[in-house]
Amino acid sequence: MSRRSTFNRVAPNRVALAALAALSIIAAPAGAEPATRTAPDDGDPAAESSEQYLINAGRVIVRPGEVLENVRILVRGGSIAALGRDVEAPEGIEEISGAVVCAGFIDPWSALGVDAGSLRDQRTEPATRTADAIDVHGQRHLRREALRAGVVAARVQAGGLARVGGVGAVVRLNPDLSAAEALVLPDAVLAMSVGLSRGGGAMDVFDRQGEVDRVRGALDSGLAYRQNEVEYRYDLEEWEKAMAEKEADLEKDFKKAKKDRDKGLAKAEEDDKEFKEKKYKEDKKPRKPSFDSNKAALARAAHGELPLVVQVHRAAELRELLKATAGVDRLRLVLAGATEAESVAETLVERRVSVLVAPSLARSDARDEWAGADLGLAGRLEQAGVEVLLGSGGETPDLTRDLPLLAASAVGHGLEREAAFEALTIGAARSLDVADQLGTVEVGKSADILVLDGAPLLGTTSVQYVFSAGRLVVTPQN
Amino acid sequence: MLILSLALASLAPASKPLAPVSEVFAIRAEQLHLADGTVLENGLVLVDGDTIAAVGSGVSVPAGAALVEHAGHLTTGLIALGEHAGGSGELRDSTRTVLAGGRLAHAFAPGHSQLEALLAEGITSLVLAPSAGSLSAGCTAVVKSAGDTVVSERAQLHIGLSSASLLSNRRPTSYSGALRDLEALLSSAHGDFGAAARGELPVLIEARSRHEVQRAVAFVAEHKLRGAISGAPLAGELAADIAAAGLSVISDPRSPGASQRSIDALLSLAEAGVPFGFKLASPARHANTLRMGVALCVRRGLSPATALRSLTVDAARIAGVDERIGALATGRDADLVLWSGHPTDLTSSVKAVLIDGQLVYGEL
Amino acid sequence: MIPTLLLTLATAANLAPVTGTQDDERTRWSIHAEKIYAAPGELIENGSVRVDAGKITRLGSGGGGDISVYAITAGLVDASVRIHEDRLSVEESSEIQPALRVADTLDPFSHLWQRQLRSGVTTVMVSPLDRNVVGGLSVVLKTGGPENIAARTVAVDAALCGAIGSSPSRGNHAVYGLPTDFFSRRPTTRMGVEWEWRRAFYDAALAQRHGAELDEDARGLLQVLAGVRPLFIQAWATQDIRTAAFFVEEMAREDFGQIRLIVDAAAEAWKEPAFLVRTGAGVVLPPFPHNGRSGPDRAFTAWSSAAQLHAAGIPLALSSHGAQSPADRLDRQAGYAMRGGLPFDAALAAVTLTPARMLGVDESVGSIAVGKDADLVLWNGEPFAATSRAVGVLLEGRLIVDPREEN
């Protein structure tokens with residue numbers, strides 16, 4: 001993908017959030033960002049789909065809380081082309097009927113789609129791009145099962161347990177798509193972690209606090225890098241301006257200047273002194289800072305261009321991490337796991353930090369930091385006013401398929417049904433900056449939608465049809 | 001919800017003394033689930049002491065008895081098969097291959113802290129079973145998850161026919177040796193083995209891979225035993241053979257991420273009419289795993305009614321205690337769970353649990 | 001002539017729409033070949049075999065076929081296969097286990113059966129792992145059919161199997177301090193192994209002679225002495241093959257009985273064939289090793305060993321001995337043996353009729369004859385030649401590998 005199309009895909013809020021955007025993103029030196037090289041240049045990646053369908057829906061859940069009754073949806077060219085009561089059926093189009101249509105589920109914390117080696121990689125760096133490790137055709141069987149369960153897309157992340165996991169990607173799970181179509185957003189989030197047991201036993205408390213400091217240190221280095229870059233841009237502009245002015249001056253006053261110089265020369269000879277050429281400060285061109293891909297990625301996170309997802313569990317580390325990141329104003333922080341997040345719920349609400357909960361049933365094999373995890377966490381955080389997201393935990397690929405059941409369990413343990421549905425659809429899409437494509441059933445969005453025979457997340461409801469980028473990938477027959 | 005006894009308004013954890021609701025009381029629920037799968041709208045259960053005195057739509061509440069209205073589902077308590085909670089990790093003697101006459105009931109610690117998690121998921125009874133590694137570790141026990149009730153201290157005779165029972169440095173080391181030793185025990189006609197051989201005591205046969213299931217089925221048929229096969233994820237692929245031998249199946253816990261093939265195997269059991277129940281194996285497993293297992297099956301097409309049976313009446317039959325638990329029926333133990341929705345739907349939550357007529361979790 | 005042609009055409013026309021699944025169920029076939037090797041020394045050129053309901057119903061010259069191939073042989077028979085659950089196939093708590101059945105330990109779902117079947121091996125004998133002195137009773141079964149050992153079984157308790165050499169004593173040890181397991185009372189040398197053989201048989205024979213009560217183990221050994229079933233002794237090296245022969249002679253000399261000995265994995269039998277001739281023993285050879293030596297005792301196999309044993313008049317079977325690499329497949333062994341000088345008919349016998357006779361199942365398998373099981377291998381060239389391979393397999397009349405699907 002060319003650089004131009006990268007910017008086309010950056011969500012508007014992302015641009016808005018970056019106050020220095022004009023200078024720092026758009027004018028960033030070529031290569032300052034990791035090259036994005038996935039989708040073809042011709043705009044919408046799903047445009048290749050020639051399939052078209054008309055869905056007669058009893059109910060369409062456009063987004064949580066917004067429901068339309070008895071509407072028709074035209075799926076064409078990979079997108080939702082029309083939605084309404086009076087949508088005309090083009091001749092010969094395949095018609096599908098269903099009780100409920102809603103957006104496909106998104107797993108914002110998945111292990112499906114990336115190989116086990118990359119998942120467990122501990123030596124990932126901020127600039128490591130999961131998009132480079134994704135095999136869009138791998139784990140075919142599991143991907144199909146996930147689609148059947150209604151999970152259409154996922155955020156996959158290399159280095160899930162590493163201190164810095166690098167840049168995660170959002171992918172469609174349909175194994176029949178090309179790499180370009182499958183990648184919804186190659187650079188979606190920056191992932192880090194604090195205080196995890198990595199291989200050995202639990203870390204001691206000082207090391208854990210040290211990891212919090214490292215997060216802040218990494219963000220600072222990103223901020224400094226960006227600051228440097230901005231200053232350079234500024235200095236360069238100033239210098240260029242000064243140079244231009246001076247040149248104009250010189251042009252205009254060339255004769256006067258020559259006379260002055262001649263005069264000076266004569267005077268120097270007279271005084272038997274050495275003649276000093278006049279110095280212009282404009283001679284000193286600002287030096288271009290050297291490119292550092294890791295710091296560039298950190299800078300993007302520190303400036304909120306990418307959300308920063310930090311897996312952190314214990315109360316002490318949660319508290320310290322929130323303290324340490326308090327001054328990074330534009331940071332968009334998401335806490336993953338967050339077993340003891342209730343202790344900092346107020347701060348989370350205040351700072352609008354969302355929490356990515358993995359409703360885990362793990363018990364005996366649970367690592368130290370997960371001890372005390374229970375299915376009620378999501379419900380209690382939501383009660384406290386925290387925005388809750390639900391993910392499968394990013395370690396076991398098979399769990400992505402069962403994310404809807406895990407979400408149902410969270411509902412059974414106190415989470416509002418609507419909140420769980422939001423977490424799996426628009427909530428996840430928004431937090432991963434793919435809400436322009438996924439998460440709701442709206443005209444113009446990509447057709448990654450489900451046709452159900454009942455309300456979503458209900459035990460008796462089954463997924464009848466699944467569309468992925470406008471392609472019908474699940475039917476009651478397959 | 002109406003409640004006449006004020007003392008019950010607070011949540012009562014299992015470890016605290018059990019609070020009696022009253023000697024005679026009734027609960028009326030919008031949906032009341034009977035053992036045969038029928039659902040009574042606005043059905044009523046009348047409890048007298050620790051047993052169910054009457055169940056039905058037209059049951060009249062005696063004067064002076066409390067009546068609780070429940071806007072949700074009412075079922076009997078769920079039963080977890082193959083359970084380790086409350087056994088203090090002492091459910092297998094590792095130095096003995098055969099512990100003839102062994103009683104897992106004697107390892108049961110009433111009021112154990114591990115049991116509280118079970119109540120929160122509506123599990124009122126559990127079958128304490130040994131962990132793998134023995135040719136026979138004795139008899140399983142059925143106990144309640146609150147109080148000290150032992151429903152049966154001689155529920156099933158445990159028999160290990162999986163590779164886990166065959167250690168390389170202890171007799172038997174081979175399948176053929178295990179069969180020979182078991183045959184000798186059965187033909188002795190003594191004790192629990194004698195009872196099993198006469199068909200008086202059901203067996204719980206551990207088998208993992210499909211050939212082990214086949215071997216177990218042949219063994220059961222040859223010796224005319226009755227009981228259940230436990231621990232084989234793909235047992236359902238041999239559903240016809242299992243049905244022909246009159247056996248049941250105890251499924252391993254089915255956690256999220258379980259292979260679709262193993263879920264489909266369970267569905268084959270239902271199709272062949274083989275009764276099955278679920279192990280939980282807590283505390284290693286989260287108590288929610290029990291309902292998760294059936295939810296995985298329901299998603300693939302198992303009817304919620306069959307799913308609920310696998311957690312109640314079928315499980316009780318497998319453990320040989322269906323005379324006492326597993327159904328809302330007159331004369332059975334008053335083990336009741338009040339749910340917000342259908343129990344096999346994971347979005348439903350447990351509102352209250354009663355064991356032997358006593359409120360042990362939640363509030364009425 | 002014309003009606004035949006029409007019939008053939010009609011058959012061909014009928015065949016066209018037949019799908020694979022229907023063919024799976026079909027048990028009536030007529031197969032034409034340029035050469036039908038019906039039995040060793042019995043060649044029918046330009047003939048056909050007709051099968052129905054699992055049996056061979058017609059064999060003769062001419063005749064059309066649903067399928068036409070270059071050559072047909074009977075399904076191959078391997079007298080030494082180890083598709084079992086490894087150490088769970090043998091009861092090691094005692095080194096003499098004459099009453100236990102390896103059939104009770106097998107896994108019909110193993111993918112290894114299918115691999116044997118697709119390579120043309122339709123009948124096998126499975127013996128227990130060689131960890132015991134006397135390992136137990138073997139079973140002869142088909143490599144395909146219902147996924148159930150009993151349903152595939154051709155002969156129960158076909159042979160009593162054991163081993164001489166280093167295998168049964170490996171891992172055993174003397175007692176240091178208190179014994180921790182039974183491996184401290186088992187033989188630790190091949191001398192001890194040989195002693196265990198003699199002791200077990202002496203005890204059984206003398207108990208019978210003195211009218212003592214016989215347990216099931218003793219009865220198992222006495223049946224071998226009475227010739228009810230053959231005794232398969234695995235013995236790779238020269239010294240162990242000798243020991244086996246001397247042991248059988250000793251039993252005869254003591255008037256305990258005449259054991260029908262088959263030496264399994266007899267890699268070095270070619271060195272001293274005279275002993276085997278003297279005892280009337282048969283030999284099952286392990287796969288020809290690529291570097292000359294193989295087995296637990298690093299026994300040496302010459303390429304000419306099969307030819308030499310054949311020349312000495314010893315009943316000879318080839319086997320894969322549980323090896324799984326494609327180079328160790330049974331049809332390849334026949335090819336190697338021919339390269340070492342074994343005539344074609346002897347090679348064919350060594351993978352069909354001779355092992356079938358050793359296992360006592362030659363009534364139903366081992367050659368192509370009317371009334372026998374319809375187990376056939378279809379070849380695209382001369383059987384066992386390096387340039388040809390089995391392109392089709394029938395098991396009890398069912399087409400397992402369809403040569404028409406081969407390219």
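Predicted model: local features only at pLDDT ≥ 70, side-chain atom pairs only at ≥ 80, totals over all residues.

**The sheet of chain A**

In chain A, eight strands make up an open sheet with mixed pairing, and their order is E5-E6-E7-E8-E9-E10-E11-E12. Its edges are formed by strand E5, residues 105-110, and strand E12, residues 388-390, each of which pairs on one side only. On average, and with direction ignored, neighbouring strands of this sheet are turned by 30 degrees against each other.

In what sense do E5(A) and E6(A) pair? The pairing of E5(A) with strand E6 of chain A, residues 151-156, is parallel and runs over four bridges. Within this part of the sheet, Asp107(A) stands opposite Ala154(A), a residue of E6(A).

**The largest pocket**

I turn now to the pocket. The largest pocket has a volume of about 920 Å³. Its lining comprises 34 residues, and those closest to the pocket centre are Leu179(B), Glu222(B), Arg101(C), Ala103(C) and Asp104(C). Two or more lining residues come from each of the following elements: in chain B, helix H2 (175-187) and helix H4 (210-223); in chain C, helix H4 (149-152) and helix H6 (216-225).

Which element gives the largest share of the lining? That element is H4(B), with seven residues.

Thank you for your attention.

Terms used
Residues numbered from 1 in each chain as written. Chains lettered and ligands numbered in written order. Heavy atoms only, no water. Pairing = 2+ DSSP bridges. Axes fitted to C-alpha atoms, helices over the stretch in contact; angles between N-to-C directions. 1 Å grid on protein atoms, 1.4 Å probe; cavity = no way out; pocket = protein on both sides within 12 Å on 5 of 7 lines; lining within 4 Å. Points joined across faces, edges and corners; volume = space filled by probe spheres on them.
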